[in-house]
Amino acid sequence: MTTAVPDDSGDMGLPRRLGHLRASVASAREAFDRPLTSYYLLVGASALLLTIGLVMVLSASSVWSFKVYDGDSYAVVRRQLMWLSLGLPAAFIASRMPLRWVRALAYPAYLFSLVLLLATAFVGTTVNGNQNWLGVGSLAIQPSEVAKLALVLWAAHIYANKERRLHSLHQLVVPVVPGLLLATLLVVAGRDLGTALIFFAILLGMLWVVGAPARLFWLAISLVSVAAIGLAATDTERVARITNFADPFQDYLDTGWQPAHGLYALSSGGWFGQGIGASQQKWGDLPEAHTDYIFAVLGEELGLVGTLLVVVLFLTIALAALRVARHTQEPFVRYASFGIVVWLVGQMIINVGMVLALLPVIGIPLPLISYGGSSLLPSLVALGLLIGFARSEPEAARALTARRRGRAAGVAAGASHSSPTA
């Protein structure tokens, strides 16, 4: 008499597969709950995004750089490398900076950003219709990018000081809401509606994380919606962009040119793309290919898989930062982490929506990917702060201390074995 051996394809195989699935889920959950998980997720996702960004800046800017810089296809990417070489040490310093030093810089950073925004509103340089650049000698910076980080740190510092008084509506509103609205008005004065939306998203995110009542959100959204419509209606170019973004091809040769060619780039990428360097739209048809519309070139060269990878990496940063915010005992860390997530992920969503023609073209770069030092440096400092927050988690700090002691013990043991005996 023979005994039937259950096959994986039969009924006995289903419980076995379910058991393997449960074990895999349990292992993944155990790995996610380890002390240094947030730290490694932040470092790994940031490093991958920076690498992808550098490769895509090289590819997307090569043709434009060749035309503008007398045959030098690498001029733009060299500048990006210069900014990266400045940003990485700044991120490292930010990750090791004591929390009290970070908080001590909150007010000076906020006031300094207001001064820069005020100067930009009056004597700034206009680029593509927006007066959002400030020339300092031969260097041009975009103060609104610096202000994003300053606003997050300033609001987090104030709310951390008011931790026990946040049940009062007055304490929730003053001075954070007027302070962020002032910065937003200075940006709007320079006609930079896209950055104003990011400032507003930061404001809503900070109010949400401190527990503001729902009626305050509805009031803020209503007021900003009316203001945004009013500002857009006063500018014929903005009106054309807003009315044509849903169907760029109805005004293909004018306001629809950029979004239409962005869609061409994405649609020709397919699942796995045409290959790095093989984009056709970057040869002049797609404006701002290495800045605001770099996501379109990425989709053309790396396909749907590449675009989804970038989105997943941003969501990984958000997940790790929110994990830090949930585990920390420091109110400032909780509020600052959430504010940085709203800023970086919100800007990513707006940029991707713009390239997909789901939102009007409002000139928002893709963080860590698009070319530009004004955007890259503050983003790297913000990531450095998140990494520092992750390192300072109680369990993570203990794990790092134990790891250092283990390495020191291993070095000492190796030295004792290699020393000559009497």
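This section describes the fold, nonpolar core, surface patch and selected side-chain contacts of a predicted model.

The secondary structure of the protein chain consists of 16 helices and 3 strands. Of its 422 residues, 47% count as buried. Among contacts in the chain with a separation of 6 or more, 68% are between residues 24 or more positions apart. The accessible surface comes to about 21,100 Å², and carbon and sulfur atoms account for 67% of that area.

The largest nonpolar core contains 101 residues, of which Leu49, Tyr159, Leu180, Leu207, Phe332, Leu386 and Phe389 touch the most other members. Helix α14 (residues 331–355) supplies the largest share of this core, with 14 residues. When residues up to four places away in sequence are not counted, Leu180 touches Leu151, Trp154, Ala155, Phe199, Ile202 and Leu203.

On the surface, a nonpolar patch is formed by Trp271, Phe272, Leu304, Val305 and Leu308, which together have about 570 Å² of accessible area. Leu308, one of the patch residues, lies in helix α13 (residues 294–327). Leu308 counts as partly exposed because its relative accessibility is 47%.

The structure holds 4 salt bridges. One of these joins Asp72 and Arg78, with the closest N and O atoms 2.2 Å apart. Both partners count as partly exposed, Asp72 at 22% relative accessibility and Arg78 at 46%.

A salt bridge also connects the side chains of Lys148 and Glu145, at an N to O distance of 3.0 Å. Lys148 and Glu145 are separated by about one helical turn, because they are 3 residues apart in helix α6 (residues 143–161). Both Lys148 and Glu145 are buried.

The side chains of Arg334 and Glu163 form a further salt bridge, at 3.2 Å from N to O. This pair links distant parts of the chain, since Arg334 is in helix α14 and Glu163 is in the loop between α6 and α7 (169–173), 171 residues apart. Arg334 has a relative accessibility of 23% and therefore counts as partly exposed; Glu163, at 32%, is also partly exposed.

Ser374 is located in helix α15 (residues 373–391). With a relative accessibility of 12%, Ser374 counts as buried, the cut-off for this class being under 20%. The side chain of Ser374 reaches the backbone nitrogen of Gln142 at 2.9 Å. Leaving aside residues up to four places away in sequence, the contacts of Ser374 are Trp133, Ala140, Ile141, Gln142 and Glu145.

Note on methods
Residues numbered from 1 in each chain as written. Predicted model: local features only at pLDDT ≥ 70, side-chain atom pairs only at ≥ 80, totals over all residues. Heavy atoms only, no water. Helix = DSSP H or I, 4+ residues; strand = E, 2+ residues; numbered from the N terminus. Buried < 20%, exposed > 50% of the residue type's maximum accessible area, 1.4 Å probe, protein only. Polar contact = N/O pair within 3.5 Å; in protein donor to acceptor, adjacent residues only side chain to side chain. Contact = heavy atoms within 4.5 Å. Patch = residues over 30% accessible without salt bridge, like charges linked within 9 Å, V, L, I, M, F, W, Y side chains within 5 Å. Areas by Shrake-Rupley, 256 points an atom, 1.4 Å probe, with all protein chains shown as cover. Core = buried A, V, L, I, M, F, W, Y, C linked by side-chain atoms within 4.5 Å.
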